[in-house]
Amino acid sequence: MDRTKQSELLRSREAALQGLLVAGLDGDAQAYRLFLQQLSGHLRGFLRKRLYSRSDDLEDVLQEVLLAVHNARQSYQRDQPLTAWVQAIARYKLADHLRGQGRRDALNDPLEDSDELFAQEQQAPAQAQRDLGKLLQQLPDKQRLPIVHVKLEGLSVEETAHLTGLSGSAVKVGIHRGLKALAALIRGT
């Protein structure tokens, strides 16, 4: 399958899952059940790649992620990509699990200094997710979307350019400027 078709398929799956979640948030219990069922399949693949040497833990971590998604469902912002939101939750739950097992090496996180982030106190991951989400919302799309797709979701610059309609250089510039802007927001300047 070529990249264009693969990207279209990913966008289609994202839109379908997002539609089910939104319908569930609006009170459609059947749509919400279907959302969780379909999300389970996607998450199994995501987690299987990261727990390849600990396949016995996969279902436990999956249930933790699904529970966290359920508990945080009201925090989902409908105009934002569902994938980034779910993957952030999954990464934090996976990190919690691996930290509890004394295993950080299996965490495949594209963020450079991730060990420092995950070494914080137990409540820090959920709080960091909320804080990062609030900070990212303050950035323009040209900065926020490249950071979400490349740094948080682990997509390539080319894939991000295709998804966002930006050029590859605009994605790189957006990441650079966005990270500088995030640092300034964190410093309060």
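In this predicted model, Gln80 counts as buried because its relative accessibility is 12%, where buried means under 20% relative accessible area, exposed over 50% and partly exposed in between (1.4 Å probe, protein chains only). Gln80 is placed in the loop between helix H3 (58–72) and H4, helices being DSSP runs of H or I with at least four residues, numbered from the N terminus. When neighbours within four places in sequence are left aside, Gln80 is in contact with Gln18, Gln137 and Arg144, contact meaning heavy atoms within 4.5 Å. Residues are numbered from 1 along each chain as its sequence is written. Local features need pLDDT of at least 70 and side-chain atom pairs count only at pLDDT 80 or more, whereas totals for chains, interfaces and linings use all residues, and side-chain values use heavy atoms, with hydrogens and water left out.

Gln18 also takes part in the packing of H1 against H4, where Glu14, Leu17, Gln18 and Leu21 of H1 meet Leu82, Thr83 and Trp85 of H4. The axes of these two helices, H1 and H4, come within 9 Å and cross at roughly 75°, axes being lines fitted to C-alpha atoms over the stretch in contact and angles running from 0 to 180 degrees between N-to-C directions. H1 is therefore roughly perpendicular to H4, a label for angles of 65 to 115 degrees. The residues of this contact divide into four nonpolar, two polar and one charged; Ala, Val, Leu, Ile, Met, Phe, Trp, Tyr, Cys and Pro count as nonpolar, Asp, Glu, Lys and Arg as charged, and the others, Gly among them, as polar.

Further along H4 (residues 82–100) lies Lys93, which counts as partly exposed because its relative accessibility is 25%. Apart from neighbours within four places in sequence, Lys93 is in contact with Glu64, Val65 and Ala68, and its C-alpha atom is separated by 7.0 Å from that of Val61, 32 residues apart along the chain.

Helix H1 (residues 3–25) also packs with H8, at an angle of about 65° and with the axes 11 Å apart. This contact involves Arg3, Thr4, Ser7 and Arg11 of H1 together with Glu159, His162 and Leu163 of H8, and by class it has one nonpolar, three polar and three charged residues.

Helix H8 (residues 157–164) is in turn packed with helix H9 (residues 168–187), their axes coming within 8 Å and crossing at roughly 100°, so that H8 is roughly perpendicular to H9. Val157, Thr160, Ala161 and Thr164 of H8 make this contact with Gly168, Val171 and Lys172 of H9.

Note on methods
Parallel < 35°, antiparallel > 145°, perpendicular 65-115°, else oblique.
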